[in-house]
Amino acid sequence: MKVSTYKSNTFILEIFAVLLAVLFLAPFYLVLTNSVKTLKEILLDAASFPQLFHWSNYSDVWKVIDFPQAFMNSLQITAFSVVFIVLFSSMAAYQIVRRPSKFNSFVFLLLISAMIIPFQSLMLQLVRVTSLLELRGELYGIVACYLGFGMPLSVFLFHGFIKTVPLELEEAARVDGSNPYGVFFRIVFPLLMPIMVTVVILNTLWIWNDYLLPVLIIGGNKDLTTLPLAVTKFFGQYTKKWDLALAGLIMAITPILLFFLILQKYIVEGVTAGSVKG
Amino acid sequence: MRHALGIQKGWGQQIVFLGPCLIFFLTIVITPFVLGFYYSSTNWNGLDLDKAVWTGSANWSRILHDENFWNSLYFTLRFTVVSVVIANILALLLAFVLMASLKTKKVLRTVFFMPNVIGGILLGYIWQFIFTKGFATIGDLTNIPFFTLPWLGTPNTGFWGLIIVFVWQTAGYMMVIYIASLAGIPKDLIEAAKIDGARPYQLFKSVYVPLIMPAITICLFLTTSNAFKMFDLNLSLTKGGPGTSTQSLAYNIYSEALINNRYGLGTAKALLFFAAVSIITVTQVIITKRKEVSA
């Protein structure tokens, strides 16, 4: 049955789609092949396949940007932020759903409305606030910022999901003598798994790739430099060191690409769930 | 006593569950936003943090005569309209193609989605190389005029360069949403329409589009607000150049404050920016929401 539906029309469509995909991938291919050429080779002919793989570009970049350090910074910032976003936003959403007081409904409305505020509309004052609170240049400072910005969408996603969780389980646990915290952490929290995956993925992609907030909050502290910030060093309007710049670029995108390729099923589902709810 | 204890317990839970969320949200988002209303009427320079003198409407009248700001707004509006239209048409096209029973469809979905997982700043750098070196080489080899254009060197090509990269980045994401929506359409509805003799165009216009309207609302909302707020791509690809011809609003605010050290003026622009984003996205959502039907 399946074979018979694969007609010549479908075949033509398939060829068209594959060609388009090749076109989509071409930029990656060009960056990848040129990242193992010498600068001279890149300038002479950026389209040809490298004659000799010039791996030293990578080891040079590794040292110049202190890759392990930048990678660990990105990892730490992202991991801490995502863990606390999941924890705090799920707790808040639970409280808002299970106790719909006027105050809690107002908080929810405030969170949702804040989603429309563009980052540029508050970044300058944020610099002021974070300086006052001595959050700038600190790991906990940038994590605190991501918690604030991550809260609205995450609470919103948990809120929509918790509404569909049946109360009976919680009531049973309560009858069995569990306190509210036990009910949440032992019963409700594990049930939130599907939407938690979405929250983790959306926040991870955004925080890992973020550029402007780290510039503003950790800009001065070189020890906290994230991967996107580190790679920026190689690029100016007239980049001269393309060999290093391209190797740096590949090194910066590899971790998140691997993350995507390994978890792609969940990522695509998470993105879909997130956007339909949002 | 028991009652009092109950209330206390309730308060305890309220504070433990909602407290952390509220603390971070109020400190990081709400406080700075509210402060903006004050700073937008001062001559705050960002350096002397405590010396922000109230200047009344000075910033606002300055913006009124700031050609750069209005050019940025015009550029941003043009960019938003063009990129939203192209990105969504391409995404919808891809979604339809990948709904067909292609053998490579899983791989293709991954490929089209891929640019999205890489941050905007890095995508901009990738394309800086493609435009300045990659295209030039291909142009030399093939003599196709498209590749020999000075891609980041003129206002016009810079505009289209940004469009290309934005569409390349966004289309796959929207495609995923459209696919999910198309997959949710009951098959018998399509069959019925076909039996009634609907032509492909009629089928598309009268059956598919109304049924995927919720997805259209979301995709238009996401692309509109992302395009209107474009910053990372702008910074890494053209830096607003040549001159300030491809400067997005977000970039204009950034450079006003962090390059010219006029934080007060930047804050005033940022408030206008917020107003513009709200008006545009809310209007768009209201308009497309009205067109939603249920199957």
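Start with the two domains of chain A and look for charged pairs across the boundary between them: in this predicted model, the count of salt bridges between domain 1 of chain A and domain 2 of chain A is zero. To set up the selection, take residues 2–34 of chain A as domain 1 and residues 58–274 of chain A as domain 2, as the domain assignment gives them. With both selections coloured, the contact can be picked out as four residues from domain 1 of chain A and five residues from domain 2 of chain A, while the C-alpha centres of these two domains lie 34 Å apart.

The side of domain 1 of chain A that touches domain 2 of chain A consists, by class, of three nonpolar residues and one polar residue, with no charged residues. The area buried between the two domains is about 380 Å², and carbon and sulfur atoms give 86% of that area.

Next, select the spans of chain A that UniProt lists, in an unreviewed entry, under "transmembrane region": residues 12–32, 75–94, 106–127, 139–162, 183–208 and 244–263. Residues 139–162 of chain A are 100% helix and 0% strand, and their end C-alpha atoms lie 32 Å apart. Residues 244–263 of chain A are likewise 100% helix and 0% strand, with the end C-alpha atoms 29 Å apart.

Now bring chain B into view and select the interface between the two chains, where 86 residues of chain B are in contact with 90 residues of chain A. Chain B and chain A bury about 8100 Å² between them, with 79% of this area on carbon and sulfur atoms. To see which residues of chain B lead, highlight B:Phe17, B:Ile28 and B:Phe129, which supply 10% of the area that chain B buries against chain A, more than any other three residues.

A search for salt bridges across the interface of chain B and chain A finds zero, whereas 16 residue pairs, both members at pLDDT 80 or more, are in polar contact between chain B and chain A. Selecting helix H1 (residues 2–39) of chain B shows the element that gives the most to the side of chain B touching chain A, with 23 residues. Coloured by class, the residues on that side of chain B divide into 60 nonpolar, 20 polar and six charged.

Within chain B, move to the loop between helix H11 (232–237) and helix H12 (249–258), where B:Pro242 lies. The peptide bond to select there runs from B:Gly241 to B:Pro242, and this bond is cis, with omega near 0°.

The last stop is a charged pair. Over all chains the count comes to four salt bridges, and one of them joins B:Asp66 to B:Lys269, with the closest N and O atoms 2.9 Å apart. B:Asp66 lies in the loop between helix H2 (58–64) and helix H3 (67–99) of chain B, and B:Lys269 in helix H13 (residues 263–290) of chain B, so the pair ties together parts that are 203 residues apart in sequence.

Methods: Residues are numbered from 1 along each chain as its sequence is written. Chains are lettered from A and ligands numbered from 1 in the order in which they are written. This is a predicted model: local features need pLDDT of at least 70, side-chain atom pairs count only at pLDDT 80 or more; totals for chains, interfaces and linings use all residues. Side-chain values use heavy atoms; hydrogens and water are left out. Domain bounds come from an automatic or database domain assignment. Contact means heavy atoms within 4.5 Å. Buried area is the accessible area (1.4 Å probe) that two parts lose on being put together, summed over both. A salt bridge is a side-chain nitrogen of Lys or Arg within 4 Å of a carboxyl oxygen of Asp or Glu. Ala, Val, Leu, Ile, Met, Phe, Trp, Tyr, Cys and Pro count as nonpolar, Asp, Glu, Lys and Arg as charged, and the others, Gly among them, as polar. UniProt positions are given in the numbering used here, feature names are shortened, and annotations may be inferred rather than shown by experiment. Helices (H or I, at least four residues) and strands (E, at least two) are DSSP runs, numbered from the N terminus. A polar contact is a pair of N or O atoms within 3.5 Å; within protein, one must be able to donate a hydrogen and the other to accept it, and residues adjacent in sequence count only if both atoms are side-chain atoms.
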